[in-house]
Amino acid sequence: MYGMTAVSGVDLMILRRKLAKALEQAAIEAQQRGLLAFTTLPVVTVEHPQNLEYGDYASSLPLKLARATKMDPMIIAEKIIGFMPSLPEVAKVVAAPPGFINFTLSPDWLTRQVEAILNAGDSYGNINLGDSKSVQIEFVSVNPTGPLHVGHGRGAVLGSTLANVLGAAGYAVEKEYYINDAGSQLDAFNRSLYTRYQQYLGIDAEMPSDGYLGNYMVDLAKEIVGNEGDRFLKLPEEVATQELGAIGISKIMDKIRQDLKLLGLEFDVWFSEQSLYQGGQYEKAMKLLRDTSCVAEKENATWFVSPVLGEDKDNVLMRSDGSPTYFASDIAYHFNKFLERQFDIVIDIWGADHQGHVSRMKAAVGVLGVSPERLKIIICQLVTLRRGQEIVKVSKRSGDIITLREVIDEVGPDACRFFFLSRSADSQMDFDLELAKKQSADNPVYYVQYAHARIASILRLAKERGIEYSQGDVSLLTTEPELTLIRQMTLLPEIIETVACSLEPHHLPYYAQNLATVFHSFYKQCRVVSKNQTLTLARLKLVEAAQIVLARTLHLMSVAAPESM
């Protein structure tokens, strides 16, 4: 479990929030003075205008108040501006048609942020949004019956990036992998492996109808024969099946761990489904449910009667043979998360095939006495692999499913992470393998990493020439390319807040690309190391600050920030 502390002076209170608070107070004061007549003040929001000619921030509050006050929005804007306090961050506040309030940041304040970023270093951007609340993020959690595929990789990158960002936002975060090592799928896996084991040893055995047919099962059987020989043929079939299955599950879990490590991901906790039955959580959760009116016995099974909670159909908890369903196990698992381990917030990241499970899981959590709002469920949509215009459907290596390991081996972990994050989780994505390997500006991860390498090259040049710039005067940074770069750099705390609140980490790669674009533009327009010694020192400070922000953004995505390329 880990967390990060906020950095005073760089948090900016999240500048956007500070401006919204000032607007709210100004509107209330105008009302109290009898200049604006409204009963309820709408939610005050401040956003970035699409055109920077209108300023750095803008609010549509006057437009929202027009109906209630029966006044021209421009007049409302002027009245609110009249009560705006003087803010050190803001150079001017103006009313703009048809009824916006626009803010332009102070150049002096902007240049001072260079020093603030340098002082904060690797902790720049941290905010205290979470106030150390505990958050558990459970993701990947693939059944240990086969290798990870690209869809699992998308969930892995999404979950680990959210963990990084929530840590930076002041939450205490724990990353967990739920091992589904109980239930019918394990039985099918065990029988499938026993069949492949027999076949590899020359015995004519038929695969079960619900068997796992992937070529990886053949490879697994071959590996076990190499290590164990034919000794399982001498055991009773039931014993051999169980022992082979245990070996197979262990080997697959080892491969899953290795693949995730290649992707730069390690979990804090590996939680076994079997432990829910061994530790009594399953029985406790079922008893709690039975004590409510939400459990019924019918059709020789035990049902979760969910229509009383707004669900549209009942769901089976225990089958007629007494075995628990996946849903029942999941209820016990969340009983453990909320009532035993007492996480404040639980985030589950599931694949697209789990969409129908969301509402019933939230309903069940409510029955356990936990506010469903504390359970956040993110559904990760499918990934389509392409090579340019061609859709890639099967592995070249095995003629079977394309594994995550194959994609990592082909394009590298950085491209995997960046591309998986580039679209929101609720949208299907195309992953272009050829684009991910390009060493050109067309490839977004290469473009961003090249910006960092370029910065590192500039700073190496300064070091080689013995230029000491710690005393550089950042107030000399007055040109538009310089100020535009600083503006972009100061957005990182805001991006962290946005991702932490929305649980949408795709904002990070977009921000990284924007920051890289602005830096490349600055580099083309402003010579950093020049004959003007004082300006050189100031610009070197700016470049180092840009390196900190760009590296921090990449590291939040667990993407490398290379010194050279």
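## Helix α12

In this predicted model, helix α12 covers residues 358-367, and its buried residues are Val 358, Met 361, Ala 363, Ala 364, Val 365 and Val 367. Just after α12 comes Gly 369, with a positive phi of about 90°.

## Helix α5

Helix α5 is made of 19 residues, 150-168. At 1.5 Å a residue it should span 27 Å, and the distance between its end C-alpha atoms is 27 Å, so the two values agree. The expected span is 1.5 Å times one less than the number of residues.

Of the 19 residues of α5, 18 are buried, so the helix is largely enclosed by the rest of the structure. Gly 170 follows α5 and has a positive phi, near 95°.

## Packing of α13 on α14

Helix α13 (residues 404-411) packs with helix α14 (residues 413-421) at an angle of about 110°, and the axes are 7 Å apart. Because angles of 65 to 115 degrees count as roughly perpendicular, α13 is roughly perpendicular to α14.

On the α13 side the contact is made by Leu 404, Val 407, Ile 408 and Val 411, and on the α14 side by Pro 413, Ala 415, Cys 416 and Phe 420. By class, the residues of this contact are eight nonpolar, no polar and no charged.

## Crossing of α4 and α17

Helix α4 (residues 107-120) and helix α17 (residues 480-489) have axes that come within 10 Å and cross at roughly 60°. The two helices are therefore oblique to each other, and the crossing of α4 past α17 is left-handed.

From α4, the contact uses Pro 107, Leu 110, Thr 111, Gln 113, Val 114 and Ile 117. From α17, the contributors are Leu 483, Ile 486, Arg 487 and Met 489. The contact of α4 with α17 has seven nonpolar residues, two polar and one charged.

## Arg 539

Arg 539 is part of helix α20, which runs over residues 533-556. Its relative accessibility is 8%. Because buried means under 20% relative accessible area, Arg 539 counts as buried.

With neighbours within four places in sequence left aside, Arg 539 is in contact with Leu 477, Thr 479, Glu 482, Cys 526, Arg 527 and Val 528.

Note on methods:
Residues numbered from 1 in each chain as written. Predicted model: local features only at pLDDT ≥ 70, side-chain atom pairs only at ≥ 80, totals over all residues. Heavy atoms only, no water. Helix = DSSP H or I, 4+ residues; strand = E, 2+ residues; numbered from the N terminus. Buried < 20%, exposed > 50% of the residue type's maximum accessible area, 1.4 Å probe, protein only. Contact = heavy atoms within 4.5 Å. Axes fitted to C-alpha atoms, helices over the stretch in contact; angles between N-to-C directions. Parallel < 35°, antiparallel > 145°, perpendicular 65-115°, else oblique. Left-handed = near helix turned anticlockwise from the far one by under 90°. Nonpolar A, V, L, I, M, F, W, Y, C, P; charged D, E, K, R; others polar.
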